[in-house]
Amino acid sequence: MSSHKPLIVGIGELLWDVFKNGKRIGGAPVNLVYNATQLGAEGYAVTAVGNDEAGSELLRELKKSHIDSEQIQFVDYATGRSIVDDSDPNDPTYNLNDGAAWDHIPTTVESINMAKQADALCFGTLALRNEESRNTIFTLLSYARKDAMLFFDVNLRQNFYSKELIERLLQKANVFKINKEEFKILSRIFGEQGDEDEICRMLLGKYNLKYIILTAGADYSKIYGKDEFSKIDTPQTNVVDTVGGGDAFAGAFIVAMLNGASLKDAHRRAVIRAKTVCEGSGAWIPCSKEELQAMA
């Protein structure tokens with residue numbers, strides 16, 4: 001295993017997930033970074049919050065969790081929020097406010113320097129919905145190291161995606177993560193025919209990806225590589241909610257791979273972390289000593 005502490009940067013949305021019983025920090029890139037830091041990585045979020053109390057409160061919470069906020073900009077737009085309907089804990093839905101701060105992530109010299117140093121840059125489609133953040137994401141990706149992991153979690157929400165934007169990110173990425181429901185949508189809008197294995201292997205070759213991760217909730221997860229394949233049936237899980245489960249999987253997978261784990265071992269660790277998060281409330285569940293021992 002490597003002694004290097006991986007530097008992982010999440011670019012995109014930071015917001016409050018608003019539940020019936022209160023609010024919690026949300027946003028897939030930042031959720032991923034949180035989980036990576038729980039496993040020993042150095043994590044940064046490139047995003048924006050509003051010049052309001054909600055934004056200041058988000059930064060205070062990040063500080064408590066030891067996530068560096070120096071790449072988080074204050075902008076003159078309301079801090080993001082997402083109204084979460086978790087009446088079905090296995091299939092929560094999200095209603096996001098328009099014109100949020102994270103739609104206006106500026107490109108800075110500091111964020112460019114961070115992108116140049118990162119071992120992994122993580123991103124999704126949601127923050128592409130506005131031109132300013134879209135330009136920032138593509139600019140930062142253009143500065144990534146040739147050996148960096150460029151992790152694209154498609155993260156489809158409402159109608160904030162298109163075939164064109166998905167393809168643009170696939171052309172930048174070398175790891176692509178998608179869940180089973182998103183896979184159905186992607187297959188339809190891309191007009192692809194065939195089963196999961198056929199379509200995933202086609203995408204792997206077409207976009208020159210190193211890995212495709214397909215998660216299927218309570219059933220299984222699969223990881224496709226050019227010469228490797230791993231499938232793990234989802235362990236029995238006492239689900240409280242699945243918010244952030246995919247981000248937990250992603251964070252653990254990235255850290256393990258950057259630390260030199262095999263594909264199958266990285267997959268195993270990712271499943272353990274996702275199970276822990278789904279058995280807690282919200283996306284930010286600390287990693288216990290017992291969990292770390294299970295990953296060893």
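Leaving out residues up to four places away in sequence, Asp 17 touches Gly 22, Lys 23, Arg 24, Ile 25, Gly 26, Ser 82, Val 84, Tyr 94 and Val 243 (contact: heavy atoms within 4.5 Å). The model is predicted: local features need pLDDT of at least 70, side-chain atom pairs count only at pLDDT 80 or more, and totals for chains, interfaces and linings use all residues. Residues are numbered from 1 along each chain as its sequence is written, and side-chain values use heavy atoms, with hydrogens and water left out.

Asp 17 lies in strand 2 (residues 15–19); strands are DSSP runs of E with at least two residues, helices runs of H or I with at least four, numbered from the N terminus. At 4% relative accessibility, Asp 17 counts as buried (buried is under 20% relative accessible area, exposed over 50%, partly exposed in between, with a 1.4 Å probe and protein chains only).

Helix 4 and helix 5 are roughly parallel (angles under 35 degrees). Axes are lines fitted to C-alpha atoms over the stretch in contact, with angles from 0 to 180 degrees between N-to-C directions.

| Pair | Separation |
|---|---|
| Helix 4 (residues 131–142) and helix 5 (residues 163–172) | axes 11 Å apart, angle about 20° |
| Asp 17 and Asp 85 | C-alpha atoms 9.9 Å apart, 68 residues along the chain |

In helix 5, Leu 165, Ile 166, Leu 169 and Leu 170 are buried. They span an arc of only 140° around the axis, so they sit on the same side of helix 5 (arc of the directions from the helix axis to the C-beta atoms). Glu 164 and Gln 171, on the other side of helix 5, are exposed.

Terms used
Angles under 35 degrees count as roughly parallel, over 145 as roughly antiparallel, 65 to 115 as roughly perpendicular and the rest as oblique.
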